[in-house]
Amino acid sequence: MEQVTHGRKAEFEEVALPLLNPLFNLALNLTRNPKDAEDLVQETYLRAYRFFDSYQRGTHVKAWLFRILRNTFINRYRAAKVRPDEVELDKLETAYEKVVDKQFLHDRQPASPEAIVMDGVLDGEVEEAIAAIPEEYRTVVLLALVQEMSYKEISHALSIPLGTVMSRLHRGRKLLQAKLFEYAHRKGIIRSTMDVSE
Amino acid sequence: MNCKNFKEWLYHFQQNELSSEREEALLEHADACPPCGLTLEFEATMLATLKKRLQPTATPVGLESRVRGVIENATPGRLSSSWFQRPFVAAVAASLLLAVLVIPSLRDGEWLSFRSVRAVSGTVTVVDPICEKAGRTYEQQRRCKNHAHLNTLVTDDGTEWNISLDDERFRGLLTDTEMRGRRMRVRGNLFGPIRTLQLVEAEVLNPSVNEL
């Protein structure tokens, strides 16, 4: 029995532990708190180990672990989950599209997108912008942009259809960029208003 | 390719998810259509900049050993099952556990810090955690026939407790699909590090599926 346990532990550690950093980063982006992120990662590994039998050898281990992490996050934060109003999100997205269309594609204002994101917005504000978008969009954006996972891998990791991955990524990116533009507008880096009541 | 298709496919292009034919068509359109060309330039800069800003953070020192420690002390699922299949071993272990840890903890209801066991009670919902996290309803969870899906208990604040196998009265709860979505009032001993609840008492609050 001990040998079996040892073999399984070794196999689990071999496939799962090299993914500690990507898991920690996703956890950090989801929780926005290093301590919570560490706890989330620890719980993820514990759950993954417990369910290691259900993992199909040879399949995408990263997607499997990300799914466990995300589900653990949802479970843990279920009570605190507050979903932003869809109407507000629609307005924000529309306001962003108007600003981009007017200032960047027609007026060609001096501030480039790079200047907005790199110089105009502080680190904390990028984190804030990510945290401000609803979790289902945020996770897809992070998996695509930071982990560079394909649609298929994200679909597998989150147990959602490919079409949903595409639409969430599309909308998530728009919302993230809109939030960054909001900060840039507040600092006077861009002229057009991001007022969603317009 | 028109401007509408271009906008629809742009993010897929940036994710390297377009076929080579579509990719070619998209780039040709961007060359021929100045507004779409500018959009491509804008979104490419935006994406590259975002990726730069979202660079991974280094793993905190000590996290790996913490995780290794947790795995070292944990029991994988299959071994729990084989333990469960040996009633004699289970009975001896359960008796020892009751004598050493559970009875004192139930008597004083205080934390037993040396083993992180505490007496708890409250209202929980039985869920299939895998289906639950995939967003499936309780009705769908009850229909799930995947034997690898073992039930867990979820408290109202979202905390998940695994069900201990060491009392035969409650073993069935782990695999009973009909129990999914049902509310229960439970009392038992919680093993903190492994979030496992050793049930002492359990009462189903909504015994009929129709009441769910």
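**Exercises on a predicted two-chain model**

In chain B, strands β1(B) and β2(B) (residues 152–155) run antiparallel and are joined by 4 bridges. This is a predicted model, in which local features need pLDDT of at least 70 and side-chain atom pairs count only at pLDDT 80 or more, while totals for chains, interfaces and linings use all residues; side-chain values rest on heavy atoms, with hydrogens and water left out. Residues are numbered from 1 along each chain as its sequence is written, with chains lettered from A and ligands numbered from 1 in the order in which they are written.

**Exercise 1. Strands of chain B**

*Step 1.* Strands are DSSP runs of E of at least two residues, helices are runs of H or I of at least four, and both are numbered from the N terminus; two strands pair if DSSP finds at least two bridges between them.

*Step 2.* Towards β2(B), the bridge partner of Val127(B) is Thr152(B).

**Exercise 2. The make-up of chain A**

Determine which secondary structure elements chain A contains, and how far its helix α8(A) is enclosed or open.

*Step 1.* Chain A has 10 helices and 0 strands.

*Step 2.* Of its 198 residues, 56% count as buried, where buried means under 20% relative accessible area, exposed over 50%, and partly exposed in between, with a 1.4 Å probe and protein chains only.

*Step 3.* In helix α8(A) (residues 135–145), 11 of the 11 residues are buried, so the helix is largely enclosed by the rest of the structure.

*Step 4.* Pro134(A) lies in the loop between α7(A) (123–132) and α8(A), and is buried, with a relative accessible area of 4%. Its C-alpha is 9.3 Å from that of Leu89(A), although 45 residues separate them in sequence.

**Exercise 3. Core and aromatic rings**

Identify the residues that touch the most other members of the largest nonpolar core, then describe the ring pairs of Phe12(A).

*Step 1.* A nonpolar core is a set of buried Ala, Val, Leu, Ile, Met, Phe, Trp, Tyr and Cys residues joined through side-chain atoms within 4.5 Å. The largest one has 69 residues, of which Phe12(A), Val41(A), Tyr45(A) and Trp64(A) touch the most other members. Another core, of 16 residues, lies apart from it, with Val124(B) and Leu197(B) among its residues.

*Step 2.* Rings of Phe, Tyr and Trp (its six-membered ring) pair if their centres lie within 6.5 Å, and planes under 30 degrees apart count as stacked, over 60 as edge-to-face and the rest as tilted. Over all chains the count comes to 5 aromatic pairs. Phe12(A) and Tyr49(A) form a tilted pair, 5.1 Å centre to centre with 55 degrees between the planes, and link helix α1(A) (residues 2–16) to helix α3(A) (residues 34–50) across 37 residues.

*Step 3.* The rings of Phe12(A) and Phe52(A) have centres 5.1 Å apart and planes at 80 degrees, so this pair is edge-to-face. Phe52(A) lies in the loop between α3(A) and α4(A), 40 residues from Phe12(A).

*Step 4.* Phe12(A), Tyr45(A), Tyr49(A), Phe52(A) and Trp64(A) form one aromatic cluster.

**Exercise 4. The surroundings of Thr72(A)**

Is Thr72(A) buried or exposed, and which residues does it touch?

*Step 1.* Thr72(A) lies in helix α4(A) (residues 61–77) and, at 2% relative accessibility, counts as buried.

*Step 2.* A polar atom of its side chain lies 2.6 Å from the backbone oxygen of Ile68(A).

*Step 3.* Contact means heavy atoms within 4.5 Å; not counting residues up to four places away in sequence, Thr72(A) touches Leu40(A), Glu43(A), Thr44(A), Arg47(A) and, from the other chain letter, Lys133(B).

Technical notes: A polar contact is a pair of N or O atoms within 3.5 Å; within protein, one must be able to donate a hydrogen and the other to accept it, and residues adjacent in sequence count only if both atoms are side-chain atoms.
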